[in-house]
Amino acid sequence: MDGQAHKDGFLFAFPSRAYAAKALTAFRRLGAPIAAGGVLTGDALADTEPALTEGARAGFVVDDQWSLDPGLFVDRLAERLRRQGVELVEGARVSAVSERAGRAEVRTSAGTYRSDAVVVAAGIWSRELVRGLGVDLDLVAGKGYSFSVAAEPPPSRLVHLGAAKVVLTPMGKRVRVAGTMEFERDPDRFRRRRVEAIVAAARPYLRHADWDDLQEEWVGPRPMTPDGLPLIGRVPGHSRVLLATGHNMLGLMLAPATGRLVAGLLTGDADPALSSRFDPVRCARRYPWRVHGILN
Ligand SMILES: Cc1cc2nc3c(=O)[nH]c(=O)nc-3n(C[C@H](O)[C@H](O)[C@H](O)COP(=O)(O)OP(=O)(O)OC[C@H]3O[C@@H](n4cnc5c(N)ncnc54)[C@H](O)[C@@H]3O)c2cc1C
């Protein structure tokens, strides 16, 4: 179940050697596994990534990083879960989450479900779902945009364009181009000029890309927390309702670790130091009038 994973590390590319050297120092400080050769320029950089133009003057590879097609990965995960006998309900809208008579209850357009516990993992929309429990989450939408273009050749691995703040991810013969951090109340509103800005920033770096035929244009809200850490754990005052959200810019990368922590919290095996670090209580405010049922 690899979702067409590329396991060749990430290339960070920059418009100057000085820019790359500064970034490399910061990465080394973080303990990132930098590939042999350090900062690459000229032919060495061109040989490492023939898809880039001379606009990329310097770069370096960080080893042991994977990229994949998230849609394909989720489809394969769903297939595997179905084979294991898990019931997946798709296309249903959750209208309310609550606790009743020692059970968790989820009301949806496909019916009402009751269970020992429920995990709310609805990204930025988790805010609305727990508001019904009288809890206000400090979570804001940091919107990003992406689209795909045909490129010949496509990059051989994920390329992070440091100065442009754009990420190029190879997906078959196309490349997914993603970027932007737009803070806005409406998580769904699509602004064309944001896509145009990404095109303008990335165009000087990618050789033979068809910028006149953008496909799969998309806007999505990253669930951003004030301290940059996810919210994983029980909703304050509600022992049967857990949150798994607030993964900021790294929801896919952090998903397996989050899954393990959620499982540990449900079985009672979670490391207390770890669970207290991500406890949603630090970003949650309870409405006393709701808790006492005045508005409910
Ligand atoms: C342009 C862009 C590029 C990114 N690149 C990366 C990357 O390279 N690596 C990485 O790790 N992360 C990346 N991220 C961040 C990542 O996408 C997020 O951190 C991640 O999607 C958060 O996952 P989530 O499951 O919490 O929320 P979401 O992915 O937002 O999923 C929430 C789901 O809940 C559903 N939902 C909401 N309300 C309801 C309801 N009432 N009833 C039923 N369903 C509901 C929504 O439809 C949605 O499917 C990127 C984000 C953007 C925008």
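Predicted model: local features only at pLDDT ≥ 70, side-chain atom pairs only at ≥ 80, totals over all residues.
Which backbone atoms come up beside it? A polar backbone atom of N248 is 2.9 Å from an oxygen atom of the ligand. Last, L252. A backbone N or O atom of L252 sits 3.0 Å from a ligand oxygen atom.

Now step back to the whole chain. It divides into two parts, domain 1 and domain 2. Domain 1 takes in 10-67 and 141-224. Domain 2 takes in 116-139 and 228-291. So much for the bounds; next, the contact. Nine residues of domain 1 and eleven residues of domain 2 take part in it. The C-alpha centres of the two domains lie 31 Å apart.

How much area do domain 1 and domain 2 bury between them? About 800 Å², with 65% of it on carbon and sulfur atoms. On the domain 1 side, strand β13, residues 215-224, gives the largest share: four residues. By class, the side of domain 1 that touches domain 2 has six nonpolar and three charged residues, and no polar ones. How many salt bridges cross this interface? Zero, by the rule used here. Polar contact comes to one residue pair across the interface of domain 1 and domain 2, both at pLDDT 80 or more.

Next, a few local spots. L214 is in the loop between α5, residues 192-202, and β13. What does L214 touch, leaving out residues up to four places away in sequence? F147, S148, V149, V195 and V199. V195 is 19 residues from L214 along the chain. The C-alpha atoms of that pair are separated by 9.5 Å.

Two backbone details to finish. Here is the background. Most residues other than glycine have a negative phi, and most peptide bonds are trans. D64 is not a glycine, yet its phi is positive, about 65 degrees. Where is D64? In the loop between β3, residues 58-62, and α3, residues 70-83. The second detail is a peptide bond. E152 and P153 are joined by a cis peptide bond, with omega about 0 degrees. P153 belongs to the loop between β9, residues 140-150, and β10, residues 158-161.

That's the tour. Questions, please.

Terms used. Residues numbered from 1 in each chain as written. Heavy atoms only, no water. Domains from an automatic or database assignment. Contact = heavy atoms within 4.5 Å. Buried area = accessible area lost by both parts, 1.4 Å probe. Salt bridge = Lys/Arg side-chain N within 4 Å of Asp/Glu carboxyl O. Polar contact = N/O pair within 3.5 Å; in protein donor to acceptor, adjacent residues only side chain to side chain. Helix = DSSP H or I, 4+ residues; strand = E, 2+ residues; numbered from the N terminus. Nonpolar A, V, L, I, M, F, W, Y, C, P; charged D, E, K, R; others polar.
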